[in-house]
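Subject: Structure handover and notes

Hello,

Please find the structure below, followed by notes on what was found in it.

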Amino acid sequence: MSRLNLGTRAALATMAASAVSNQAGAALGARAFDAIGPAGVVAVRQFVAAAVLLPVARPNLRRFTWAQWWPTLLLALVFATMNLSLYTAVDRVGLGLAVTLEFLGPLAVALAGSRTPVDLVCAAVAGIGVYVLVLPGSSSDLTGVGLGLLAGACWAAYILLNRLAGARLPGLQAPAAATMVSAALYLPVLVIMAVQGRFTPASLAYSIGAGVLCSVMPYAADVIALRRVPPRFFGLLQSVHPVLAAIAGAVILGQVPALHVWLGIGIVVATNAAAVAVAGTRAARVAAAIPAT
């Protein structure tokens, strides 16, 4: 593999910082659960994300056609469901396990695009990783595990819907509009909690911090990095999220994963890395086989 130039190395470092920011933000948000619960944290986070994305994308909502609105509305529903299910799973089973289960969503999308023997092996190994990760038994929090898997399904739906909406709306108009709708869905949650006096300075600070670290920082980092980072490196770097989530949970929340959880995370991460590497090699071979014109 050729040596990476300075710009690519800087972009990779930016993406790594974005991953750290994302998981540290999720851990900070979890510290507000006692006061406002996962729903309250998600509500504040959605409003922070909307406050950032709307001025940047400036979607002209009045000119949206129905063909543009329906994938945007579905995307808003995915945002609302994905964040709530993930944060509730974090509250029940811990950050490392919840994020690893969510990570199965994009892995499933990547593997579903091909049915080669290698991809089928990767899918089987990922399934083994999930079993090791959860070790289902009478003491397992199956609701928490199910919510983590729901978050993963939502992430997979986000990938597919974002492709569709991105083809129909320029720039970031679709995610910006979807974030606005999702924030509006959570407005009653904010009103009820404000009336009940549940917002404390600490819970607001943690929730806003989660919004900044999980939405604002990764958005800015991706805008910078994706211009320089090859797709295969992007996919490989996504593999670090479960590991960073486990570390953030241990350092910030005191959630030290059991040995089998670390082993399951390792299996899932290695499976994704292998799938991305094989896909990159396959794409390079196809490109090399196409004659130049």
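Contact, as used throughout these notes, means heavy atoms within 4.5 Å. This is a predicted model, in which local features need pLDDT of at least 70 and side-chain atom pairs count only at pLDDT 80 or more, while totals for chains, interfaces and linings use all residues. Residues are numbered from 1 along each chain as its sequence is written, and side-chain values use heavy atoms, with hydrogens and water left out.

Overall make-up

The protein chain has 12 helices and zero strands; helices (H or I, at least four residues) and strands (E, at least two) are DSSP runs, numbered from the N terminus. Of the 293 residues in the protein chain, 45% are buried. Here buried means under 20% relative accessible area, exposed means over 50%, and partly exposed lies in between (1.4 Å probe, protein chains only). Among contacts in the protein chain that link residues at least 6 apart in sequence, 89% join residues at least 24 apart.

Helix pairs

Axes are lines fitted to C-alpha atoms, for helices over the stretch in contact, and angles run from 0 to 180 degrees between N-to-C directions. Angles under 35 degrees count as roughly parallel, over 145 as roughly antiparallel, 65 to 115 as roughly perpendicular, and the rest as oblique. A crossing is left-handed if the near helix is turned anticlockwise from the far one by less than a right angle, and right-handed if clockwise. For residue classes, Ala, Val, Leu, Ile, Met, Phe, Trp, Tyr, Cys and Pro count as nonpolar, Asp, Glu, Lys and Arg as charged, and the others, Gly among them, as polar.

Helix α2 (residues 33-57) packs on helix α8 (residues 187-195) at an angle of about 120 degrees, with the axes 9 Å apart. That angle makes α2 oblique to α8, and the crossing of the two is left-handed. On the α2 side the contact is made by Ile 36, Ala 39, Gly 40, Ala 43, Val 44 and Phe 47, and on the α8 side by Leu 187, Val 189, Leu 190 and Met 193. By class, nine residues of this contact are nonpolar, one is polar and none is charged.

Helix α3 (residues 66-93) and helix α4 (residues 95-112) have axes 7 Å apart and pack at about 145 degrees. Their crossing is right-handed. From α3, Met 82, Leu 86, Ala 89, Val 90 and Val 93 meet Leu 95, Leu 97, Ala 98, Val 99 and Glu 102 of α4. The contact of α3 with α4 has nine nonpolar residues, no polar ones and one charged.

α3 also meets helix α7 (residues 173-185): the axes come within 8 Å and cross at roughly 55 degrees. α3 and α7 are therefore oblique to each other, and this crossing is right-handed. Residues in this contact include Trp 69, Leu 73 and Phe 79 in α3, and Pro 175, Val 181 and Leu 185 in α7. The contact of α3 with α7 divides into 12 nonpolar, three polar and no charged residues.

Single residues

Ser 203 is found in helix α9 (residues 201-225) and is buried, with a relative accessible area of 2%. A polar atom of the Ser 203 side chain lies 2.9 Å from the backbone nitrogen of Thr 200. Beyond its neighbours within four places in sequence, Ser 203 is in contact with Ala 32, Ala 35, Ile 36 and Arg 198.

Leu 164 belongs to helix α6 (residues 142-168) and is partly exposed, at 27% relative accessibility. Leu 164 and Pro 71 are 93 residues apart along the chain, with their C-alpha atoms separated by 7.1 Å. Leaving aside neighbours within four places in sequence, Leu 164 is in contact with Trp 70 and Pro 71.

Val 125, in helix α5 (residues 117-134), is partly exposed at 33% relative accessibility. Val 125 touches Ile 267 and Thr 271, not counting residues up to four places away in sequence. From C-alpha to C-alpha, Val 125 is 7.7 Å from Val 268, and the two are 143 residues apart in sequence.

Arg 58 is in the loop between α2 and α3 and is exposed, at 69% relative accessibility. Phi of Arg 58 is near 50 degrees, a positive value in a residue other than glycine.

Regards

Conventions:
A polar contact is a pair of N or O atoms within 3.5 Å; within protein, one must be able to donate a hydrogen and the other to accept it, and residues adjacent in sequence count only if both atoms are side-chain atoms.
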